[in-house]
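Try each one yourself, then read through the solution.

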Amino acid sequence: MDLTHVVDRVGAICRRFRIDSLAPQLAACEEMLGDGGVVDVAVLGQFKAGKSSFLNGLIGAPVVPTDVLPSTAVVTRIGYGPRERAVVHGLAGEPFEIPLIRLAEFVTERGNPANEKRVAVVDVELPALALYEGIRFVDTPGLGSVFAHNTRVSKEWMPRVGAALVAVSVNHPLSEDDLLLLNDVSSHTPEAALLLTKVDLVSGEDLAAVIEFTRSQSTSRTGKEWRILPVSNRPGFEGMRDEVAEYLRERIAGRREEAFGEIVGHKVHALVAGCREYLHLAERAAGAVDTARSELIEALARERRTFGSVKGELRLLCNHLQAGVRTAADERFHAYHGEVAGRVTAALREAMPGWQGHLGRVTREFEGWLADAMMEEMGAVSLHGEGHLAGFLFRAQASVERSVRAFADRLAGEIERALGIRFEGARFDPQVEEPAHPDVRLSPTFDTHFELLWFLIPMPVFRPLVRRHFRRRIPWEVEKNLSRVAGQWADALGASIDVLFRDATAFLGREMETIAGLVGEADAGNRLEEIRAALAELAALESAVS
């Protein structure tokens, strides 16, 4: 049976019974089926896990930017096309084409700070990927998933993953955050593998030990056997790169239609199962004695009345997390002060002899040089600190998920007591918002504008004093910009935690309304017959798909 027809019918059932909790999964299935059978292979992983470098190695050219500053929350999809081109899809307006050399202007923080150009996704087409026709590689920025600014396209990305390569660096194998990501990936696609990157950093014997450790940990923590693909872009590792390419061609590109069917079938089965569970709840409520149904309706009403308290508890939890991230950011970034100030001061000593002329000219030379030096240093510091804070954000997500699960379990308990059935409900699958990246700002070189009086200041006499003044500015400029980076990251991650709070409360609100609607309307007229007819239709659809 046509999967599009199945999804359409499930969507109609969800709308008829107002099962709003399944809206994200329904939208993901509809969007994937509307893509014409293209399989999106998402390359996921933590910061600096080698995702972009891997893609460039696969393509055979430095197409994907690997800037010192991390990417913005802009998804880049790379697939086969008869000519090289890139198409930018904005949050509003028509898509437009750009030369490939301008890609960094739209997908990196340096070219598109905080996604100020309001880009939703960029599609890149390359003749070099002819062997992979029918699949798109998706370069995902950020904390192991795609983190949105304000767009549904990326916010709901994980349910739309077709296949996945989860990149794990050999020198940081399988952190707790990686294991959370593996579990998330497993629930959304049957076709996924572990990409063990940077294997050139270890010996052959150590690599074997890392592979065995990765295999045992991933299997024990997820309950799934993972294909592990070691890889490096360094010379001498061509055999490993060929093995990855063969896996992609054989498992996905070479059997694209079959793979697409398996992947979409996996998602559609999950959608049907979710819809069936809600209808079983409605059926049991419709067939229950009046007292049992009335007790459940009253219990749901109590939960709705106390929902304000639940939101308050979640708000307190998020406030605590935000306070913690501010402390963590401040401690993390200021730890770099001595190292950064030392490097910049040493570089300044080397640069100053080349600055000649009057005070105004030398001051402009210094300010331009310092701006470039601070941008490079703060970019590197931001990147390293960002990786540390990424784990904090994952833990914040896990904390909110636990709170949501506790409330959902309480609802499930009320349903089991009244109707005697176990009820799971929809899954809360938050996608935290990627923080915008901080800027770098410099103070005036002199408290008063001495450089405007350059004609009164003989540089042969004052040059040593001017240079000493320049050197003394370095620790202050480093301190100031580290404070700004820490503060901006704390604010940005705080905003991401606010998004988690809004997503969690919205999810719980939808779940309560869906359950209350199904239970409250269960005794309306011939609702029981209508529910059973819908369940029979779901069974027929699932049987046809199988």
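**Exercise 1.** Find the side chain that makes a polar contact with the side chain of R77, then place R77 in the fold.

*Solution.* Start with the side chains: R77 and D123 make a polar contact at 2.7 Å (N or O atoms within 3.5 Å, where one must be able to donate a hydrogen and the other to accept it). Keep in mind that this is a predicted model, where side-chain atom pairs count only at pLDDT 80 or more and local features need at least 70. Numbering starts from 1 along each chain, and side-chain values use heavy atoms.

Next, the location: R77 is found in strand β2, residues 75-80 (a strand is a DSSP run of E, at least two residues). Is R77 buried or exposed? With a relative accessible area of 10%, R77 is buried (buried is under 20%, exposed over 50%, with a 1.4 Å probe).

**Exercise 2.** Work out which residues touch the most other members of the largest nonpolar core.

*Solution.* They are V122, L248 and L279, in a core of 134 residues (buried nonpolar residues such as Val and Leu, joined through side-chain atoms within 4.5 Å). Helix α14, residues 459-520, gives the most to this core: 21 residues.

Now zoom in on V122. Leaving aside neighbours within four places in sequence, V122 is in contact (heavy atoms within 4.5 Å) with several residues, including V74, A86, L103 and F106. R77 from the first exercise is one of its contacts too.

Technical notes: Helix = DSSP H or I, 4+ residues; strand = E, 2+ residues; numbered from the N terminus.
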